[in-house]
Amino acid sequence: MKSTLKITALVLALAGFTLSAKAQTNPTSTKTTASGIRYSIGVDAGIPTGKLADNYNWNLGGSLQADIPVASQLFVTVNAGYNNIFGKDVTVGAVTVKAPNIQLLPVKAGLKYFPVQNFYIQGEAGAAFVLNKTKIGADNSTAFIYAPQIGYQFALGGSNYIDAGVRYEASTKLNSAVDDSKVNFVGLRVAYGF
């Protein structure tokens with residue numbers, strides 16, 4: 001996982017440095033509301049990575065996000081949502097059991113930067129609240145999460161847009177005694193912004 005995180009950070013940094021020259025001439029064209037804040041509501045889906053993929057197939061959820069302008073091409077983001085990670089049928093000895101779904105309520109804040117028109121780099125961190133702690137055998141009610149993301153906003157007219165972003169999201173352990181109890185996935189968020 002450390003290698004994946006290093007590669008992701010390197011790709012994001014390289015993309016930012018490579019495209020930064022164009023940032024001077026191509027400001028973002030996404031419009032804001034009268035208060036300057038942009039809102040979006042979206043569908044989140046993902047595929048588990050690492051040890052999580054052994055017992056879980058995919059995840060589905062939704063999220064609400066507010067982008068608050070703080071400088072030219074830079075926004076502070078606040079995001080809250082719901083993720084359900086669907087369990088696989090797992091064979092233990094001669095018995096096949098279904099892994100219980102993991103239900104999380106992630107709350108994150110971060111920064112979104114537009115180095116070129118409509119293309120953004122975003123990083124968020126926060127907490128994931130475990131909604132079915134007992135059922136999944138977690139001893140922690142919350143876990144620290146972080147999510148680097150890249151995306152593109154497709155203008156629809158006026159201040160409306162479609163926001164499509166790909167992210168890697170990872171958490172600390174849900175069970176402090178089990179190293180493989182982290183929730184890591186590659187996710188896609190497609191949202192309607194207004």
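The model is predicted. Its largest pocket holds about 330 Å³ of space, and its largest cavity has a volume of about 60 Å³.

**Largest pocket**
- The lining of the largest pocket is made up of 17 residues, and Tyr 56, Ile 102, Ile 136, Asp 180 and Ser 181 are the closest to the pocket centre.
- Helix H2 (residues 52-55) gives the largest share of this lining, with three residues.
- By class, the pocket lining has nine nonpolar, four polar and four charged residues.

**Largest cavity**
- The count of cavities of 30 Å³ or more comes to one.
- Around the largest cavity there are 15 lining residues, and those nearest its centre are Asp 44, Ser 63, Asn 79, Lys 108 and Arg 167.
- At least two lining residues come from each of E2, strand E3 (74-87), strand E6 (102-116) and strand E7 (119-130).
- Strand E3 supplies four residues, the largest share of the cavity lining.
- The cavity lining divides into eight polar, five charged and two nonpolar residues.

**Ile 68**
- Strand E2 (residues 56-71) contains Ile 68.
- Ile 68 counts as partly exposed because its relative accessibility is 32%, and partly exposed covers values between the buried limit of 20% and the exposed limit of 50%.
- Beyond its neighbours within four places in sequence, Ile 68 is in contact with Ile 37, Leu 74, Phe 75, Val 76 and Val 78.
- Lys 112 is 44 residues from Ile 68 along the chain, and their C-alpha atoms are separated by 9.4 Å.

Conventions. Residues are numbered from 1 along each chain as its sequence is written. This is a predicted model: local features need pLDDT of at least 70, side-chain atom pairs count only at pLDDT 80 or more; totals for chains, interfaces and linings use all residues. Side-chain values use heavy atoms; hydrogens and water are left out. On a 1 Å grid over the protein atoms alone, a cavity is a set of points where a 1.4 Å probe fits but cannot get out, and a pocket is an open set with protein on both sides within 12 Å along at least five of seven lines; lining residues have an atom within 4 Å of a point. Grid points are joined across faces, edges and corners, and a volume is the space filled by probe spheres set on the points. Ala, Val, Leu, Ile, Met, Phe, Trp, Tyr, Cys and Pro count as nonpolar, Asp, Glu, Lys and Arg as charged, and the others, Gly among them, as polar. Buried means under 20% relative accessible area, exposed over 50%, partly exposed in between (1.4 Å probe, protein chains only). Contact means heavy atoms within 4.5 Å.
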